[in-house]
Amino acid sequence: MSDDLHALQRRLAEFAAARDWQQYHNPKNLAAALSVEAAELVEIFQWLTPDESAKVMAEPTSAGRVEDEVADVLAYLLQFCEALGIDALAALAAKIERNESRFPAVRSARPDRPRGSEGEGE
């Protein structure tokens, strides 16, 4: 794992230890917390149009909310990976490699689909 991510995992572990929270940081609880934080990120975008959602970072208040929720999601994901001994970057690299094999690049758009719609919904 990158030194930066490893350092963040250590900081999160030290933060939790200083507050005696390790007892709650089991895979089940961390997965649930990760789900809740991801839902809070979704909530920001819930009723926005696609155009509005693309501009959410232009407004300081909404940008701050998005950044906070992204940080929460990443924090719980890193803690979850720490609890299970998962190298998040290695897992991601392996998943990308599997997807590259499963979903070969499209060289040209199909006649029934406009260009740029490849892979939507995956």
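Biologist: How many helices and strands are there in the protein chain?
Modeller: The model is predicted, so local features need pLDDT of at least 70 and side-chain atom pairs count only at pLDDT 80 or more, while totals for chains, interfaces and linings use all residues. Residues are numbered from 1 along each chain as its sequence is written, and side-chain values use heavy atoms, without hydrogens and water. Helices (H or I, at least four residues) and strands (E, at least two) are DSSP runs, numbered from the N terminus. The protein chain has five helices and zero strands.

Biologist: What percentage of the 122 residues of the protein chain count as buried?
Modeller: Buried means under 20% relative accessible area, exposed over 50%, partly exposed in between (1.4 Å probe, protein chains only). Of the 122 residues, the buried ones make up 17%.

Biologist: How far does helix H4 reach from its first C-alpha to its last?
Modeller: H4 covers residues 60-84, with 25 residues. The expected span is 1.5 Å times one less than the number of residues. For H4 that expectation is 36 Å, and the computed reach is close to it, at 36 Å.

Biologist: Which helices do the buried residues of H4 pack against?
Modeller: The buried residues of H4 include Val 66, Glu 69, Val 73, Leu 78 and Phe 80. Contact means heavy atoms within 4.5 Å. The partners are helix H1 (3-18), helix H2 (27-45) and helix H5 (88-102).

Biologist: Are H1 and H4 roughly parallel or roughly perpendicular to each other?
Modeller: Axes are lines fitted to C-alpha atoms, for helices over the stretch in contact, and angles run from 0 to 180 degrees between N-to-C directions. H1 and H4 pack at about 90°, with axes 10 Å apart. Angles under 35 degrees count as roughly parallel, over 145 as roughly antiparallel, 65 to 115 as roughly perpendicular and the rest as oblique. H1 and H4 are therefore roughly perpendicular.

Biologist: Which residues of H1 and H4 make the contact?
Modeller: H1 supplies Leu 5, Leu 8, Gln 9 and Leu 12. From H4 come Ala 75, Leu 78, Gln 79, Cys 81 and Glu 82.

Biologist: Which residues is Gln 79 in contact with, leaving aside neighbours within four places in sequence?
Modeller: Gln 79 is found in helix H4. Gln 79 is buried, with a relative accessible area of 12%. Its contacts beyond those neighbours are Leu 12, His 25 and Leu 30.

Biologist: Is Glu 69 buried or exposed?
Modeller: Glu 69 is found in helix H4. Leaving aside neighbours within four places in sequence, Glu 69 is in contact with Glu 37, Glu 40, Leu 41 and Ile 44. Its relative accessible area is 14%, so Glu 69 is buried.

Biologist: How far apart in space are Glu 69 and Leu 41, C-alpha to C-alpha?
Modeller: Leu 41 lies in helix H2 and is partly exposed, with a relative accessible area of 22%. Not counting residues up to four places away in sequence, Leu 41 touches Val 66, Glu 69 and Val 70. Glu 69 and Leu 41 are 28 residues apart in sequence, and their C-alpha atoms are apart in space by 5.4 Å.

Biologist: Which residue has a positive phi although it is not a glycine?
Modeller: Most residues other than glycine have a negative phi. The residue sits in the loop between H1 and H2. With a positive phi of about 60°, it is Asp 20.
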